[in-house]
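Good morning, colleagues. Please look at the sequence and the structure on the screen while I take you through a few selected places.

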Amino acid sequence: MSDKVSTRRELLKGGAVAVVAAGAAGPALARQDAASAAADAAAPAVSTDTLHCAEALFDIRYTDAEREQVVAGLDDWIARTSQQRAVEKPNTLAPSCMFDPRLPGVAYRSQSNAVSLSGHGAGPLPANDADIAFAPVWQQAGWIRSGALSARRLTEIYLDRIARYNGTLHCFVTVTPEIARAEADQCDRALADGRLLGPLHGIPYGMKDIIDVAGVAATWGATPYRERVAEQDARIAVMLREAGAVLLGKTTNGALAYGDRWFGGQTRNPWNPQEGSSGSSAGSASATAAGLVAFGIGTETLGSIVSPSHRCGTTGLRPSFGRVSRSGAMALCWSLDKIGPIARSVEDTALILSVINGADPLDPGSLEAGFEADAARDVRGMRVGWNPAWFENGTDADRAALQAARDAGVELVEFALPDRPYDALLASVEVESAAAFEHLTLDNSDDSLVWQAPQAWPNTWRRARFISAVDYVNIDRFRRQVMQDVHAAFDGLDAVIGPNFAGGMLLITNYTGHPQLAFRSGYSQQRTRTIFGGAQEDAGAAEFRVPQTTSLWAPLFEEGNIIALGRAIEARLGVASERPSGFA
């Protein structure tokens with residue numbers, strides 16, 4: 001077969017084992033003439049030799065007799081698979097089996113919906129626009145409520161900053177000034193009439209571009225969808241609007257929620273614009289860190305809130321799975337996708353989560369869970385897990401965060417999880433995302449995605465075709481075992497503290513559905529980094545002073561614990577308010 005279409009797309013349509021046969025035949029297959037190719041097309045799709053070649057890929061061994069029996073039924077199986085592939089399956093169509101992070105037989109604490117702030121006043125309004133732009137949400141909200149600041153003025157400050165700096169950071173794919181001004185004016189009129197719309201009244205924000213706002217482009221960062229315009233509002237967009245938040249526009253994400261590269265370029269880290277902001281909530285983290293928005297909305301499947309927060313020094317809260325509705329957001333991995341806030345202070349994440357929390361019948365993974373948080377809570381006596389090895393291998397900033405927790409009066413308890421092959425869980429994201437975007441693989445549209453590398457979506461989706469259904473089900477059973485392990489390890493603990501990526505905790509807790517809070521803990525000197533953290537070979541020896549974050553994890557639905565503890569640590573460290581010099 002002489003071209004990529006015939007060697008990949010056509011054979012994929014014929015079933016996974018047929019692809020293996022084509023690959024096993026090697027380059028000679030591509031040199032066949034038309035007559036030979038026609039003869040091959042008339043031959044049976046799968047032979048016992050084909051099956052024998054495929055066995056090594058799946059780490060199984062059959063006898064000759066067993067191969068004869070398997071091959072006898074494969075034609076029907078392949079035909080059924082092809083028929084199923086022909087059925088249209090929009091991105092909004094979720095699997096019938098949905099992930100639930102709750103374990104059977106476990107009682108989870110009932111919570112009301114109540115959020116209390118730390119109680120300090122907003123203080124006088126600064127004269128400088130940049131000081132207003134970089135203020136935390138809770139402070140901006142106080143100025144607006146008092147009448148010291150109008151929603152329209154705050155919106156214009158941010159629109160001006162977007163116009164000045166987006167060309168450097170590439171953090172907005174679409175700016176919506178008309179919507180922003182109209183929503184800001186509505187907030188100002190409501191306040192003049194004595195009506196406060198909600199805790200985010202008049203606060204401008206950026207929405208990650210995989211989340212729909214009716215009438216606004218939602219490109220998913222990917223060339224095949226760059227002309228896509230949303231027809232309906234995502235549930236989270238409605239909730240934010242009703243709470244008085246003002247939409248500034250759609251922030252960038254790596255194509256189809258991976259990394260920081262999208263069809264318009266690479267989103268940059270304000271602390272070092274030579275490097276990307278990591279991914280995939282790249283634009284929300286970059287814009288928040290640079291003071292182009294009051295806060296951003298991000299999503300996380302496997303690190304996409306925590307990783308750009310670490311790179312850009314923002315505060316990212318990945319909520320418990322099911323707490324925030326995903327209806328109207330692009331589905332990448334139904335059992336892992338989560339939506340959460342990216343802000344400049346821990347206290348802000350409590351305000352934002354209080355608005356977007358809530359069950360939604362349109363999201364089959366949505367759960368009813370109240371949200372209680374008291375930012376002023378006394379954390380003395382909290383039982384907090386830690387692993388000494390994590391901090392021995394961590395940074396000075398991580399150790400400073402640990403010491404701040406000690407100084408706040410928590411009880412540190414050694415924490416560990418069983419030694420298990422946790423990387424096996426990665427199959428879930430590869431398989432589910434490959435299913436969500438199967439058509440891009442089968443019709444070669446994946447070639448239009450800007451990032452083409454062994455670890456990028458196009459290749460991982462091709463690879464996912466060779467994870468057997470039996471192995472996938474057993475990986476899911478292993479996931480249940482990990483959920484039980486984590487539940488047992490958290491027993492008697494209010495939180496766990498550690499470096500963001502230590503001990504596999506980011507991967508593990510994404511798969512178990514537990515919440516994670518990344519907060520700024522210090523700074524370090526770093527050469528320009530790749531998306532995966534290593535120094536870029538061609539970036540020279542120059543180093544940049546960049547922020548970093550440390551993480552807190554909590555039991556399911558207990559975000560209030562890590563918000564209270566995170567705010568106490570943040571106050572003791574005193575490093576959260578520094579701004580990137582080029583945007584201050």
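The side chain of Glu578 makes a polar contact with the side chain of Arg545, at 2.4 Å; a polar contact is a pair of N or O atoms within 3.5 Å, where, within protein, one must be able to donate a hydrogen and the other to accept it, and residues adjacent in sequence count only if both atoms are side-chain atoms. This is a predicted model, in which local features need pLDDT of at least 70 and side-chain atom pairs count only at pLDDT 80 or more, while totals for chains, interfaces and linings use all residues. Residues are numbered from 1 along each chain as its sequence is written, and side-chain values use heavy atoms, with hydrogens and water left out.

Glu578 lies in the segment after helix H21, residues 559-573; helices are DSSP runs of H or I with at least four residues, strands are runs of E with at least two, and both are numbered from the N terminus. Leaving aside residues up to four places away in sequence, Glu578 touches Trp271, Arg520, Tyr523 and Arg545, contact meaning heavy atoms within 4.5 Å.

Let us turn to helix H7. Of the 10 residues in H7 (137-146), 8 are buried, so this helix is largely enclosed by the rest of the structure. Among the buried residues are Trp138 and Trp143. Their cover includes helices H6, H8, H9 and H13, together with strand S9. Gly147, with a positive phi near 90°, follows H7.

How values were computed: Buried means under 20% relative accessible area, exposed over 50%, partly exposed in between (1.4 Å probe, protein chains only).
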